[in-house]
Amino acid sequence: YRGGLVVEPKLGIHFNVVVVDFASLYPSIIKVHNLSYETVNCSHQSCKNDPKQQITETSHWICKRKRGLTSLLIGSLRDLRVNYYKLLSKNKSIETEERQTYEVISQAIKVILNASYGVMGAEIFPLYCLPVADATAAIGRDTTTKTIEKCKNIGIQVIYGDTDSLFLKNPSSINVEKISIWAKTNLGVDLEIDKTYRYVVFSDL
């Protein structure tokens, strides 16, 4: 199945580049869109025939009658990491050693979250479920595409992107905040500043 969306880099030297990152993109998608073994391609005809439940670029649909177990579990772990441990690990008012502990916990949960998506598309996994993996990646591509379109609408130039991150050329802080609020409100994902570069060089090698 198709993976994440990669945006071809715009060749040249680009100054004042801000890299924004979708926090735990796939776990967020699994949570927000109710993706689980029992909810993707459920047996309910009403869900299958509902255009709102259809997943873009796939033949899959999502159940609207019940919450999936995987969605609940991964969603809870994702919220715990992003809204608690990740914030504590960056809190400068906390002692360094304690912050490092929170960072380790945050990264450990991140590994579990990423693996929980990956195994769904691995044939060797006992609970392998291709439709769930396919649906997750498809919604991820759609999320990135819609965010790029929104960036263009408000005057932000996207010069590169890979799966869960976008490189923005010289955006104003107001526009970065706008796109972040839009992503949270309309897509249910957190878009955060990951890195800031004085300049970035993309060659044709």
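## A walk through the chain

Let's start with charge: the chain carries 25 positive and 21 negative side chains, and the centres of the two sets sit 5 Å apart. Here Lys and Arg count as positive and Asp and Glu as negative, with His and the chain ends not counted; each charge is placed at NZ of Lys, CZ of Arg, CG of Asp or CD of Glu.

Keep in mind that this is a predicted model, where local features need pLDDT of at least 70 and side-chain atom pairs count only at pLDDT 80 or more, while totals for chains, interfaces and linings use all residues. Residues are numbered from 1 along each chain as its sequence is written, and side-chain values use heavy atoms, leaving out hydrogens and water.

Now the fold. The chain has six helices and five strands, taken as DSSP runs numbered from the N terminus (helices are H or I, at least four residues; strands are E, at least two). Read from the N terminus, the order is β-β-α-α-α-α-α-β-β-α-β. The radius of gyration is 18 Å, close to the 17 Å from the globule rule for 205 residues, so the chain is as compact as a globular protein of that length. That radius is taken over C-alpha atoms, and the rule is 2.2 Å times the number of residues to the power 0.38. Along its principal axes, the C-alpha trace spans about 50 × 40 × 35 Å.

What about packing? Among contacts (heavy atoms within 4.5 Å) with a separation of 6 or more, 72% join residues 24 or more positions apart. The chain exposes about 11,500 Å², with carbon and sulfur atoms supplying 55% of it; the areas come from the Shrake-Rupley method with a 1.4 Å probe, and for residues only the protein chains shown count as cover.

Asn16, in strand β2 (residues 12-22), has a positive phi of about 55° although it is not a glycine; Asn16 is partly exposed, at 42%. Asn170 also has a positive phi, near 45°, and lies in the loop between β4 (165-169) and α6 (173-187).

Key:
Buried means under 20% relative accessible area, exposed over 50%, partly exposed in between (1.4 Å probe, protein chains only).
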